[in-house]
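Below is a report on one protein model.

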Amino acid sequence: MVYIAVSYLASTMFRFSSLKKNIDSFIAAVAGFTIILLFTHHGGIGISPDSVVYSTTAEHLRTNGKLIDFTRLPVVNFPFFYPVLLAAIVLLTGLKPLIFAPYLNAFLFAALIYVSGNIMEQFTHRSKWYKAAILSCIVLSPWLLEDYSMLWSETIFILLLLLFMVIMHRYFQTHSLKILIAAATIAAVACVTRYAGITIIDTGGIVLLMDTKLYRRKKFIHLLLFCVISSSLLIINLARNYFVSGTLTGFRERSLTPFIQNVHDAGNAFCDWLPFLHGHENAATWVAIMIIAALVFACVQQFLSKRRIADYLAMSAAFSLLYILFIIVTATLSRFEQLNSRFMSPVFIPLLWCGSYWLINLLQLSSRLMKKWWAVAGLIIFCCFQYNQLSANYDTWDEVKDNGIPGYTEDDWKYSDTVQFIEEDSLPFKKTYTIYSDAPDAVYFFTGRLAKYLPHKDLKNEVQQFLNDPHCYLVWFTDDEDFDLVDLKFIIERKKMKLLKQFSDGAIYGSDQ
């Protein structure tokens with residue numbers, strides 16, 4: 001299956017990617033490649049807590065073949081493909097993820113841009129001006145640049161989404177079983193890159209179901225084959241998770257945010273993308289509702305007019321709708337960080353196409369005089385959109401050029417008083433003592449020491465185990481407090497831990513009961 005997917009994808013991209021036809025895509029890809037290297041030049045790739053899990057899992061895969069992270073526990077909160085990919089590159093190059101990641105991400109961003117340009121060459125009405133404008137919006141997107149400046153699985157996931165649409169578009173032209181298998185394989189890999197990849201399977205299943213050009217029997221066979229192949233890796237991943245942890249995707253706390261609040265938070269992310277709406281929280285809920293309604297309308301209109309959802313814009317609308325609803329519903333059921341642009345970034349390019357291509361259709365239908373007016377309107381919208389993006393990029397560049405990408409590789413963390421103290425081992429930690437922290441990933445990243453997460457307030461067994469541990473240290477960081485964990489007041493008053501060292505950005509406590 002993988003061989004079929006790779007071979008077909010290579011042949012498809014070769015057909016679509018004539019350099020003469022796509023010189024603008026190539027130039028944009030080079031620009032994107034360069035920008036990522038510039039952003040990561042000062043301190044390297046951005047590292048978040050998720051990134052520490054990915055990189056340490058890759059190291060463990062290389063050294064002992066186990067899918068475990070820095071805690072030495074099985075990785076179940078994240079699917080396996082991204083760490084496996086990093087481990088494969090480590091084996092091939094001998095380099096650590098932090099060394100090759102800026103170049104890997106620059107390449108992936110360049111590939112994303114080039115594939116986007118190839119896709120736009122297949123739109124019904126082609127326009128070099130439109131293609132150049134959209135490519136520039138992708139290259140300068142602060143939210144895509146954020147993703148591709150970090151060691152995050154979104155860097156692979158978004159590219160897999162576009163490759164899936166490329167293959168599915170070809171499938172609807174031929175209804176070839178081999179092409180369908182290739183599309184299903186890409187969807188399967190996307191699902192074990194991010195669990196949200198289930199929305200790609202949903203998109204594929206729905207567009208197959210709505211394809212009226214297939215006879216019922218053939219449609220049933222193709223739909224069944226697609227569902228089996230595309231879900232195969234996810235089923236294996238979930239079964240393995242249940243076997244090693246007793247959970248399908250790790251322990252998930254119940255959400256504290258209602259549905260309407262998550263709609264509002266999603267709308268906030270969209271407002272950041274749009275000119276004149278940045279920071280307008282009052283409009284956020286309505287923006288999200290209008291986008292969802294517009295996507296529903298686009299899907300229904302496409303099906304009623306063509307009796308299928310088979311072109312790029314229709315698939316973009318279908319995926320965006322399913323993905324946005326999936327993220328909002330998931331955030332309503334399960335607790336994680338507030339919805340932001342990182343969660344919504346996979347729909348940036350699809351929404352960019354859906355929200356702009358109407359202008360090309362209008363230009364095709366308008367008189368010569370009206371075309372000029374519509375062109376002027378399009379230029380104004382483009383300039384406003386790019387001004388919003390450039391303004392955000394200016395602020396980001398002003399920070400990263402001297403301080404590095406936000407995260408553990410930025411100067412504020414590297415030269416933190418607390419970090420420098422524990423790096424130098426100024427306080428000799430007793431080996432038999434347990435080290436706890438509100439950011440154990442940071443402790444491991446900077447020192448290589450194994451530290452445990454502080455217990456969650458809601459998990460009474462965890463809290464009791466922590467209270468029963470007589471010999472332990474606490475490395476406390478004041479940068480970002482996690483309100484799901486026991487707080488410092490609880491630690492001092494109930495655990496009776498004593499302050500050993502105070503810093504401007506943290507402290508070290510000890511318990512020797």
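## Overall form

Among contacts in the protein between residues at least 6 apart in sequence, what percentage join residues at least 24 apart? The share is 73%, where contact means heavy atoms within 4.5 Å. The model is predicted: local features need pLDDT of at least 70, side-chain atom pairs count only at pLDDT 80 or more, and totals for chains, interfaces and linings use all residues. Residues are numbered from 1 along each chain as its sequence is written, and side-chain values use heavy atoms, with hydrogens and water left out.

The protein has 23 helices and five strands. These are DSSP runs numbered from the N terminus (helices H or I, at least four residues; strands E, at least two). The radius of gyration is 24 Å, close to the 24 Å that the globule rule gives for 513 residues, so the protein is as compact as a globular protein of that length. That radius is taken over C-alpha atoms, and the rule is 2.2 Å times the number of residues to the power 0.38. The C-alpha trace spans about 80 × 50 × 45 Å along its principal axes.

## Burial and cores

Of the 513 residues, 53% count as buried. Buried means under 20% relative accessible area, exposed over 50%, and partly exposed in between (1.4 Å probe, protein chains only). The protein exposes about 24400 Å², and carbon and sulfur atoms supply 64% of that area. Accessible areas come from the Shrake-Rupley method with a 1.4 Å probe; for residues, only the protein chains shown count as cover.

The largest nonpolar core holds 143 residues. Such a core is a set of buried Ala, Val, Leu, Ile, Met, Phe, Trp, Tyr and Cys residues joined through side-chain atoms within 4.5 Å. Leu-112, Phe-164, Met-168, Phe-270, Ile-324, Trp-353 and Phe-477 touch the most other members. Helix H8 (residues 154–174) gives the largest share of this core, 15 residues. Apart from it lies another core of 15 residues, including Leu-454 and Phe-466.

## Salt bridges

Side chains of opposite charge can pair when their charged atoms come close. A search of the whole structure finds 13 salt bridges, each a side-chain nitrogen of Lys or Arg within 4 Å of a carboxyl oxygen of Asp or Glu. One joins Asp-24 and Lys-131 (3.1 Å, N to O). Asp-24 sits in helix H2 and Lys-131 in helix H6 (residues 128–139), 107 residues apart. Both Asp-24 and Lys-131 are buried. A network of salt bridges links Asp-24, Glu-121, Lys-128 and Lys-131.

Arg-308 and Asp-211 also meet in a salt bridge (3.1 Å, N to O). Their loops are distant parts of the chain, 97 residues apart. Arg-308 counts as buried at 10% relative accessibility; Asp-211 is buried at 0%.

A further salt bridge pairs Arg-335 with Asp-458 (3.3 Å, N to O). Arg-335 lies in the loop between H14 and helix H15 (341–344), and Asp-458 in the loop between strand E2 (452–453) and helix H22 (460–468), so the pair ties together parts 123 residues apart in sequence. Arg-335 is buried, with a relative accessible area of 18%. Asp-458 is partly exposed at 49%.

## Surface patch

Ile-23, Phe-26, Ile-27 and Val-30 form a nonpolar surface patch with about 360 Å² of accessible area together. Patches are made of residues with over 30% relative accessible area and no salt bridge; like charges are joined within 9 Å, nonpolar side chains (Val, Leu, Ile, Met, Phe, Trp, Tyr) within 5 Å. Val-30 belongs to helix H2 (residues 23–39). Val-30 is partly exposed, with a relative accessible area of 40%.
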